[in-house]
Amino acid sequence: MRPLVEDLHAHRERIKLGGSEEKIARQHAAEKLTARERLGLLIDEGTWVELGIHGQPHFSQAAMAGRDAPADGVVTGYGKVAGRLVAVAAYDFTVMAGSMGMTGELKVARVRELALTKRIPLIWLLDSAGARVQEAVGSLFAGTGQLFRDEVIMSGVVPQIAAVMGPCAAGTAYIPGLADFVLMVKGRGSMALAGPHLVRAAVGEDVTAEELGGSRVHTRKSGVADVEVADDPECIDVIKQYLSYFPQNCDEPAPVTAASDPIERADEELLDVLPASTRQSYDIHEVIRRIVDDGAWLELKDHWGRSIVTCLARFGGRPAGIVASQPKHLGGILDNDAADKAARFINLCNAYGLPLVYLVDVPGFMVGTKVEEAGIIRHGAKMLQATANATVPKVTVILRKAYGAGYYVMCGRAFEPDLIVAWPTAEISVMGAEGAVEIVFRKQVEEAEDPEAKRAELIDTYRQIIDVYIAARNDMIDDVIDPRETRAQICRALELSAGKRLERPARRNPVTPV
């Protein structure tokens, strides 16, 4: 027995070298860690259990006969992150460029099965050239695709995280496309449905992988990725941060931590955040920083749909998702990308039971021929549907403007907030005073001896009828609060609604606006 066991351990060590020491050196020269080095940073020491380490190209693949591919190019198994079990698939670029072979896919299918049946998060560490062409070409391709079906079935059941740490081409690009949370390593991670060579052959376009689907493209233009990171260690660190806000699965409560930041903390600087004029902008991060635990949060899609901020934070130790207007960009007006970004984030939080906190300063939706042609109605409808569908605790704080449909999508009174409060600066109306005067009183302005003076007078009059205290007197909001009370109000509301139960009519699924 002893010689056999010694041979087993020697065999394992050879497999752990991946493609070869030379290919590991190339990986390091490209400023990338290997699959196993990444796992070493991610998984708690001594908890990793590897499955399928002896994998090689499948015996049925004649084109791969005699080829050595340690672990068939993907490291799979489970372990703990901060004491919590997770399943992991880490593609090894040192072995046939991390391409997806039949055996490798059987290994990953096993990990997906474990994640779903044991109800634990699934993490993908992606560094792959895509499907292994030697095995995929031909009509047997008709039997593939289970990977993506499984991802869809798992969606909203267990958290799915996709870290794009190298190339992610063709089929593998749909892995992050279907994941809950997507990170990309700047300058090294890329994803596209076709690589540069195929793009050149298909449409004659000559582009690099970075130009085609690098982190800048997907964090700033397409919105597919959530976070751009500088290197592999930062990527692993952000994965850990993200996981800390989420439960193991949709049936467990979100993890509440001990909070050292007092719930009653009142930040005096909140009185000076808003500018004197409603026409002036400010940075909503200055509000978020002053009301969340320890001034800490994790922002998603911060470079895309920038007129709204979506981030994860804690209030009194309770994790929550924040949906906040961002007046610094476009005055906080909602465009197509901002609506899509918010809708997806609201659906994400609702899927895993994270409460939602809306910070409202929204002049409404963008208007004009350009956005109408791009479908602003259906994009806005996605956000309407997401907010209405959400059954988690919801808290709405109106800071300044809450106009038109912008008020609705930011969880106005009709959308069942568990608490809806406003700062004294709030204005709730179908539109702002300037817009109302332009539409309703235009004739009076035009006929006045002094049109500008008349316009100013009418604007001042209109502001009096959209005063926040009118809504408060008619019980359309719960309270008008001192801005310094914002943190305490949110914390108490989340504590109150922790056991919230809200039933919806039975159905297969809502019909989502496309």
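The following legends describe close-up views of a predicted model.

**View 1. The largest nonpolar core and the surroundings of L312.** The largest nonpolar core has 70 residues, of which L125, I239, L312, V323 and M383 touch the most other members. Helix α13, spanning residues 336-351, supplies the largest share of this core, with eight residues. A separate core of 29 residues lies apart from it and includes I322, A324, V395 and A493. Beyond its neighbours within four places in sequence, L312 contacts Y242, Y245, F246, W297, L298, L300, A320, G321, F345, C349 and L354.

**View 2. The largest cavity and its lining.** The structure contains one cavity of 30 Å³ or more. The volume of the largest cavity is about 40 Å³. Its lining is formed by D226, L300, K301, T310, K341, R344, F345 and L348. Helix α13 contributes the most to this lining, with four residues. By residue class, the lining comprises four charged, three nonpolar and one polar residue. Two of the lining residues, L300 and F345, are also contacts of L312.

**View 3. A225 in the loop between α10 and β8.** A225 sits in the loop that joins α10 (215-220) to β8 (227-229). With a relative accessibility of 0%, A225 counts as buried, because burial requires a value under 20%. When residues up to four places away in sequence are set aside, A225 touches V182, M184, M191, H218, T219 and K301. Of these contacts, K301 also belongs to the lining of the largest cavity. The C-alpha atoms of A225 and L212 are 14 Å apart in space, and these two residues are 13 apart in sequence.

**View 4. T396 within strand β13.** T396 belongs to strand β13, which covers residues 394-403. The relative accessible area of T396 is 1%, so this residue is buried. Excluding neighbours within four places in sequence, the residues in contact with T396 are Y358, V360, M410, C411, P417, L419, I420 and V421.

**View 5. The buried face of helix α6.** In helix α6 (residues 146-154), the buried residues are L147, D150, E151 and M154. Viewed down the axis of α6, these residues fall within an arc of 100°, and they therefore line one face of the helix. An α-helix has 3.6 residues a turn, so residues three or four places apart point the same way. The elements against which the buried residues of α6 pack are α4 (102-118), β4 (122-128), β5 (160-169) and α7 (174-178). After α6 comes G156, which has a positive phi near 80°.

View 6. A71 is not a glycine, yet its phi is positive, at about 60°. This residue lies in the loop between β1 (49-51) and β2 (74-81). A71 counts as buried because its relative accessibility is 3%. D294, likewise a residue other than glycine, has a positive phi near 60°. The position of D294 is in the loop between α12 (285-291) and β9 (297-300). D294 is exposed, its relative accessible area being 56%.

Note on methods: Residues are numbered from 1 along each chain as its sequence is written. This is a predicted model: local features need pLDDT of at least 70, side-chain atom pairs count only at pLDDT 80 or more; totals for chains, interfaces and linings use all residues. Side-chain values use heavy atoms; hydrogens and water are left out. A nonpolar core is a set of buried Ala, Val, Leu, Ile, Met, Phe, Trp, Tyr and Cys residues joined through side-chain atoms within 4.5 Å. Buried means under 20% relative accessible area, exposed over 50%, partly exposed in between (1.4 Å probe, protein chains only). Helices (H or I, at least four residues) and strands (E, at least two) are DSSP runs, numbered from the N terminus. Contact means heavy atoms within 4.5 Å. On a 1 Å grid over the protein atoms alone, a cavity is a set of points where a 1.4 Å probe fits but cannot get out, and a pocket is an open set with protein on both sides within 12 Å along at least five of seven lines; lining residues have an atom within 4 Å of a point. Grid points are joined across faces, edges and corners, and a volume is the space filled by probe spheres set on the points. Ala, Val, Leu, Ile, Met, Phe, Trp, Tyr, Cys and Pro count as nonpolar, Asp, Glu, Lys and Arg as charged, and the others, Gly among them, as polar. The arc is that of the directions from the helix axis to the C-beta atoms.
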